[in-house]
Amino acid sequence: MKQFTLQELAEKIGGQVEGDGSLLISGAAPIDSAQPGQITFLANPRYRDHLHKSRASAVIVDQKTTVETSHALIRVSDPYYGFLQIFLLFNPRKELLPPGIHPTAVVHPEARIGQEVAIGAHVVIGKGCRIGDRSKIFPGCVILDGSEIGEDCTLYPLVSIREECRVGNRVIIHNGAVIGSDGFGFAPHGGVYHKIPQIGRVIIEDDVEIGANCTIDRATMGETIIRRGTKLDNLVHIAHNVEVGEWTVMAAQVGISGSTKIGHHVMLGGQVGTVGHIRIGDYAQVGAQSGVSKAVPDREVVFGYPARPIMRAKRIEAAVNQLPELVKRIRELEKKLAALEDSASD
Amino acid sequence: MKQFTLQELAEKIGGQVEGDGSLLISGAAPIDSAQPGQITFLANPRYRDHLHKSRASAVIVDQKTTVETSHALIRVSDPYYGFLQIFLLFNPRKELLPPGIHPTAVVHPEARIGQEVAIGAHVVIGKGCRIGDRSKIFPGCVILDGSEIGEDCTLYPLVSIREECRVGNRVIIHNGAVIGSDGFGFAPHGGVYHKIPQIGRVIIEDDVEIGANCTIDRATMGETIIRRGTKLDNLVHIAHNVEVGEWTVMAAQVGISGSTKIGHHVMLGGQVGTVGHIRIGDYAQVGAQSGVSKAVPDREVVFGYPARPIMRAKRIEAAVNQLPELVKRIRELEKKLAALEDSASD
Amino acid sequence: MKQFTLQELAEKIGGQVEGDGSLLISGAAPIDSAQPGQITFLANPRYRDHLHKSRASAVIVDQKTTVETSHALIRVSDPYYGFLQIFLLFNPRKELLPPGIHPTAVVHPEARIGQEVAIGAHVVIGKGCRIGDRSKIFPGCVILDGSEIGEDCTLYPLVSIREECRVGNRVIIHNGAVIGSDGFGFAPHGGVYHKIPQIGRVIIEDDVEIGANCTIDRATMGETIIRRGTKLDNLVHIAHNVEVGEWTVMAAQVGISGSTKIGHHVMLGGQVGTVGHIRIGDYAQVGAQSGVSKAVPDREVVFGYPARPIMRAKRIEAAVNQLPELVKRIRELEKKLAALEDSASD
């Protein structure tokens, strides 16, 4: 059985001990199920009262929350994140895909495969591809000619990457995501559509995470870019020639139309849609299901269909909400005014 | 050629014959194309007149509809469903994947495979997986270590299931669906996101059906649960730690945010989105494209963006619809009032 | 190095030369990066001023735009499309999948494979399938028994096609798309859902393009049809028994409910949803994110949630936008009217 002192655990997550740092901890569990000898966490002060009933020996809590408890504490800025780090110390994740190339994988002889790379069963890697050191390509992935994957990446099962794309280091791509499919471009001539060749590519920078079954189209010419650290939830659609800045977050089922530029540290709620060829500024936030039909300035918070600045959107929503009563008030006004006019004309 | 008497067919679908039960039936077809000797159905009384022209020898109809026809009848509560059952008697579905393990499948020696299981070409099944009796795993599916599939399940091509998930009995999962991808969780520290490990799993209970290219994320800790009999249409997104009750139905492209609890016998229309951490009550119904931003009580019917109780939503929609005219009426009122004030001050 | 005279290039794209037709051109590039000896294009007259700075030797421009430049010109109706055609002359696309059947592909002995067909690694093709001449089936695709693919088709990696479907000629299907999954149909009996067998199929006609991770369900009975030349962007959902007419375009994440009929030359914006069993007329247009709850006549342009004719929708949106001010005006009216009533009753 693994054991750590409370002080050792605090150091691993950058926290401070309050109480007995020599206490031996042998496991981590949620507040309700933790046993003596285990550590738990309190992320939401509302659940403070659960602490008294918890059988845990120690608690991870933030710097501000006052807790009346006999438990030993680790104080840290994000108790939940700290707890999960400690949980993984006690319960390390199983190695699902050890380094090596599965005999059923089809790796082109002109592909360059780095050190300690893991390539699962039935993976297909094309001519001129490069896979960086320690990356893991799970079963069923397909990477077409000339695409490059950096170091320490994880491609979960059945990810597919079209030709000539670039994926940075430490990128995680979840099952079924598609990188580099053709952009949606057609030239209409006399009631018929001619396909506009999509000869660009996709660039995904370091530390990006892409959700399951997302689709990221290659550029018509040039590049569709997802910059460093950006995180996409599942089923997100990124059209051709879109650029997404660093450390931006998109919730599930967002759709970004062609050539739109999204800044850094932007947050888009679930099912948001944007028109093409606009800019969404740095640090902007867009509420769930909003329809963004024009540019959003830096740091603006917008919401609604169509998306409007949040204060305005809320005032409009409040007014819409009382609209049936407003109709009555207008009818009442008309009646009273008619009566006044009648009496005035008498 | 297969033949059944009308009486035999009625018994197979739990219906009652009106007319000659010894009539021999040799096929089933829609009302317009049925030939003599065949049976058809009338599901919608509006199409009653088509009956006179139909060459079918017998008709499946519900218990209430009065039909003036010389056809022999089978009366049953759901004529369409009854017809399809009879159609399948005459046209049994071809066996697409006979029991056996295809030689190209990669099944870990420590996986336990039940009796009469069918495993298609290029399937990958990891260490410690269990596949129950008579289940069919179509070509290209990938099931990672420690996941269990019950009995009589069907996984259509290219389904992928991450590690340690549980799928019950008689579950159908359509092409490309993803079970157990990481939940979308990141801890922000100084403008940078740190991935919160997603160490939970997904539980799918018996008789669930999951549409093509759906994504169901594993829990951060604990379980994302889809309870018995629930049906998801295509491209539905279920976030981490969501729980969906029994016999609930979600139309295509619905998105459920993290930790939301959905009751049993709920109906969600297409493209509905919900915020996280709310409860949608048992038997609740949510209209298509609605945005559910707060809890919905049991049996409530809600609609709109944001979702409101249906009667209120309809009154608001009606008022919005006459809004341009309301603006005119307000302008008119202002004019008349100004005139009155003028004359009063004269 | 490839070279063409300007006259040769003009003929290849159906344009007219203005200037020296014997000029030798050895490459094509965007306006900012083009070098002497290369050709560029001007699609948007707003960028006319960039021309003066461009080092390109020739420019493709439309018939109307007046340009004050010393460059040789090719005049053509769609300069961007013409440029891309010329770009591909200088930079022909690499052959990603040469004809031949990869040894790891599993092709049923009773499948009929045409001339010069390319079948990639780990592809699975079932009994009775037919693949037409020159079609390319990329790695990881799965085609179940009895489905037919026409000539000159491209199925990108990990496309799956269920049994008995038909795909025409020159069809392009992008990664991860699913054709022929079961329609979403259940008969409720006493709080429990019974699956309605989905025994129809999907027909995709010539020249259709289907985006990545789209899902197209088979009909309950009969056929789900996508007619000639229609283009679907990524993540589009087409339910059972839907019919989509010729040369119709759907942007990403559109969802069409069961049995709805969509005309020809229709345009649907991104994330549009429609109810089932309606008709959307020929040449109709639906704005992004709209919710179409009833039939749309031919050539109607609709928008909003619910979708309304565009002029009406815009007037309503304008009125909604001034709603907070309308509330104030009504309050003001009420105050003034009360004052008038007071003074009248004095």
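Biologist: What makes strand β22 (residues 186–189) of chain A and strand β23 (residues 192–195) of chain A a pair, and in which sense do they run?

Modeller: In this predicted model, β22(A) and β23(A) are joined by 4 bridges in the antiparallel sense. Two strands pair if DSSP finds at least two bridges between them, so β22(A) and β23(A) count as paired.

Biologist: Which residue stands opposite A:F186, and what lies between the strands?

Modeller: A:F186 faces A:K195 in β23(A). The two strands form a hairpin with 2 residues between them, and A:G190 in that turn has a positive phi of about 60°.

Biologist: How many bridges join β22 and β23 in chain C?

Modeller: There are 4 bridges between β22(C), residues 186–189, and β23(C), residues 192–195, and the strands run antiparallel. C:P188 is opposite C:Y193. β22(C) and β23(C) form a hairpin with 2 residues between them, and C:G190 in the turn has a positive phi of about 60°.

Biologist: What makes the relation between chain B and chain A that of a three-fold axis?

Modeller: Chain B is superposed on chain A by a rotation of 120° with 0.1 Å of shift along the axis, at an RMSD of 0.1 Å. That is why the relation is the one of a three-fold axis. For chain C on chain A, the rotation is 120° with 0.0 Å of shift, and the RMSD is 0.1 Å.

Biologist: Which residues of chain B touch chain A, by element and by class?

Modeller: In total, 51 residues of chain B are in contact with 48 residues of chain A. The elements that give two or more residues to this side of chain B are β21 (178–181), β22 (186–189), β23 (192–195), β26 (215–217), α4 (310–321) and α5 (323–345) of chain B. The largest share, 8 residues, comes from α5(B). By class, this side of chain B has 27 nonpolar, 16 polar and 8 charged residues.

Biologist: Which element of chain C gives the most to the side that touches chain A?

Modeller: Between these chains, 48 residues of chain C are in contact with 51 residues of chain A. α3 (79–90) and α5 (323–345) of chain C each supply at least two residues of that side of chain C. α5(C) gives the most, with 10 residues. The classes on this side of chain C are 26 nonpolar, 15 polar and 7 charged residues.

Biologist: How do you know that the length of α3(A) agrees with that of a helix?

Modeller: Helix α3(A), residues 79–90, has 12 residues, which at 1.5 Å a residue should span 16 Å. The end C-alpha atoms of α3(A) are 17 Å apart, so the two agree. Its buried residues are A:P79, A:Y81, A:G82, A:F83, A:L84, A:Q85 and A:I86. Each of these therefore has 20 or more other C-beta atoms within 10 Å of its own.

Biologist: Why are β9 (106–107) and β38 (291–292) of chain C called edge strands?

Modeller: The open sheet has 10 strands with parallel pairing, in the order β9-β12-β15-β18-β21-β26-β29-β32-β35-β38 of chain C. β9(C) and β38(C) each pair on one side only, and they are the edge strands. β38(C) is joined to β35(C), residues 273–274, by 2 bridges, and these strands run parallel. The bridge partner of C:G273 is C:G291 in β38(C).

Biologist: Which residues have the most contacts inside the largest nonpolar core?

Modeller: They are A:C141, B:C141 and C:C141, in a core of 210 residues. Leaving aside neighbours within four places in sequence, B:C141 is in contact with B:V123, B:L155, B:P157, B:L158, B:V159 and B:S160.

Terms used: Residues numbered from 1 in each chain as written. Chains lettered and ligands numbered in written order. Predicted model: local features only at pLDDT ≥ 70, side-chain atom pairs only at ≥ 80, totals over all residues. Contact = placed C-beta atoms within 7 Å. Nonpolar A, V, L, I, M, F, W, Y, C, P; charged D, E, K, R; others polar. Expected span 1.5 Å × (residues − 1). Buried ≥ 20, exposed ≤ 12 C-beta atoms within 10 Å, placed from the backbone. Least-squares fit on C-alpha atoms with pLDDT ≥ 70 in both. Core = buried A, V, L, I, M, F, W, Y, C linked by C-beta atoms within 7 Å.
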